[in-house]
Amino acid sequence: MAEDNTTTENEQPSEEEKTGKEPRSSGGGSIFDNLDELRQRQDFDALVSTQRHLTSVPVGKPGKQTWFRVRPGEEWRIPASLLDWEDDGTQFYVHPHVAQELVTEVKWVEICVVVTTQGSLRLWPIRLPNPDGSDNPWFESARRVAEQAERGWVRMVANREAHGYDVFISTGDFGEPVWSEHSLGDLLKIAFSGKEIQSLDHPVVAKLLGRAQ
């Protein structure tokens with residue numbers, strides 16, 4: 001009798017038979033049996049829809065090994081008064097009308113927005129001249145670095161002999177900076193959450209002024 005090579009409805013070829021691939025073992029096998037499959041690039045962004053959510057924004061000067069840019073435009077800068085609380089190292093943002101009562105305690109700065117080549121954001125408080133007009137070569141140098149960083153990627157390193165910062169300008173191509181969609185107000189809220197001094201009744205102000213709490 002001739003062999004019947006027809007395939008019935010209940011005898012459909014398996015997926016492995018169609019593709020010619022070895023079937024996966026359902027037991028006792030290892031995912032490392034097929035390294036070529038593991039080497040396939042996986043586009044996780046396509047698999048999972050994500051949105052970056054900022055939970056913290058550092059405040060301070062960029063590190064000496066960090067390439068960074070400063071976001072240009074007056075809308076991305078704000079003059080401010082900051083208070084460094086020595087008890088625990090907290091840096092407070094002081095409301096202008098309170099700062100007038102703490103002239104000898106606060107430092108006068110202009111806060112600008114910085115982004116690194118890795119896309120990390122920070123706020124950089126750059127010292128301004130003192131209210132009496134006196135200035136400092138370190139403060140002047142930092143302001144010049146910030147101006148340069150508006151135009152290109154830079155790195156800054158302290159030069160104690162020169163009483164200022166050496167600025168290194170990138171000769172490579174880091175591309176254009178990727179700025180956050182957050183407003184300056186949003187960044188300030190995150191950076192100084194719980195660290196705002198809005199009235200003379202604040203416990204820190206009471207301690208500085210020698211008042212009972």
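Reader: Which residues of H5 are buried?
Author: This is a predicted model, to be clear. In it, the buried residues of H5 are Phe-139, Ser-141, Ala-142, Val-145, Ala-146 and Ala-149. Seen down the axis of H5, they fall within an arc of 160°, so they line one face of the helix.

Reader: What covers the buried residues of H5?
Author: Strands are on the list. The cover includes E1 (68-70), E2, E5, E6 (154-159) and E7 (164-169).

Reader: What span does H5 have, first C-alpha to last?
Author: H5 runs over residues 137-149, 13 residues in total. Its span is 18 Å, close to the 18 Å expected at 1.5 Å a residue.

Reader: Which residue caps its N-terminal end?
Author: Asn-136 does. One of its side-chain oxygens lies 2.7 Å from the backbone nitrogen of Trp-138.

Reader: Stepping back into the loop between E5 and H5, is Asp-132 buried or exposed?
Author: Asp-132 lies in that loop. It counts as exposed because its relative accessibility is 65%, and the cut-off for exposed is over 50%. Its side chain also makes a polar contact of 2.7 Å with the side chain of Ser-134.

Reader: Now H6. Which of its residues are buried?
Author: Leu-184, Leu-187, Leu-188 and Ala-191 are the buried residues of H6, which spans 184-191. They cover an arc of only 100° around the axis, and that puts them on the same side of H6.

Reader: And what covers them?
Author: Strands are again on the list. The cover of the buried H6 residues includes E2 (77-85), E3 (90-94), E4 (107-116) and E5 (121-127).

Reader: Leu-184 is in that buried set. Which residues touch Arg-77?
Author: Leu-184 is one of them. Leaving out residues up to four places away in sequence, Arg-77 also touches Val-70, Glu-110, Ile-111, Cys-112, Ala-146 and Glu-150. Ala-146 is a buried residue of H5.

Reader: Where does Arg-77 lie, and is it buried or exposed?
Author: Arg-77 lies in strand E2. It is buried, because its relative accessible area is 14% and buried means under 20%.

Reader: What joins the side chains of Arg-77 and Glu-150?
Author: A polar contact of 2.7 Å.

Reader: What about Lys-107 itself, where is it and what else does it touch?
Author: Lys-107 lies in strand E4. Besides Asp-84, it touches Ala-80, Ser-81, Leu-82, Gln-91 and Arg-127, again not counting residues up to four places away in sequence.

Reader: How far apart are Asp-84 and Val-106?
Author: They are 22 residues apart in sequence and 7.5 Å apart in space, C-alpha to C-alpha.

Reader: My backbone check flagged His-163. What is its phi?
Author: Near 55°, a positive value in a residue other than glycine. Most residues other than glycine have a negative phi. His-163 sits in the loop between E6 and E7. It is partly exposed, with a relative accessible area of 45%.

Reader: Change of topic. Which elements have the lowest and highest mean pLDDT?
Author: Helix H1, residues 15-19, has the lowest at 53. E1 has the highest at 98. The mean for the chain is 85, and 80% of its residues reach 70 or more. Where pLDDT is low, the predicted coordinates should not be read in detail.

Reader: Totals, please. How many helices and strands?
Author: The chain has 7 helices and 8 strands. Of its 213 residues, 30% count as buried.

Technical notes: Residues numbered from 1 in each chain as written. Heavy atoms only, no water. Buried < 20%, exposed > 50% of the residue type's maximum accessible area, 1.4 Å probe, protein only. Helix = DSSP H or I, 4+ residues; strand = E, 2+ residues; numbered from the N terminus. Arc of directions from axis to C-beta. Contact = heavy atoms within 4.5 Å. Expected span 1.5 Å × (residues − 1). Polar contact = N/O pair within 3.5 Å; in protein donor to acceptor, adjacent residues only side chain to side chain. pLDDT = per-residue confidence, 0-100.
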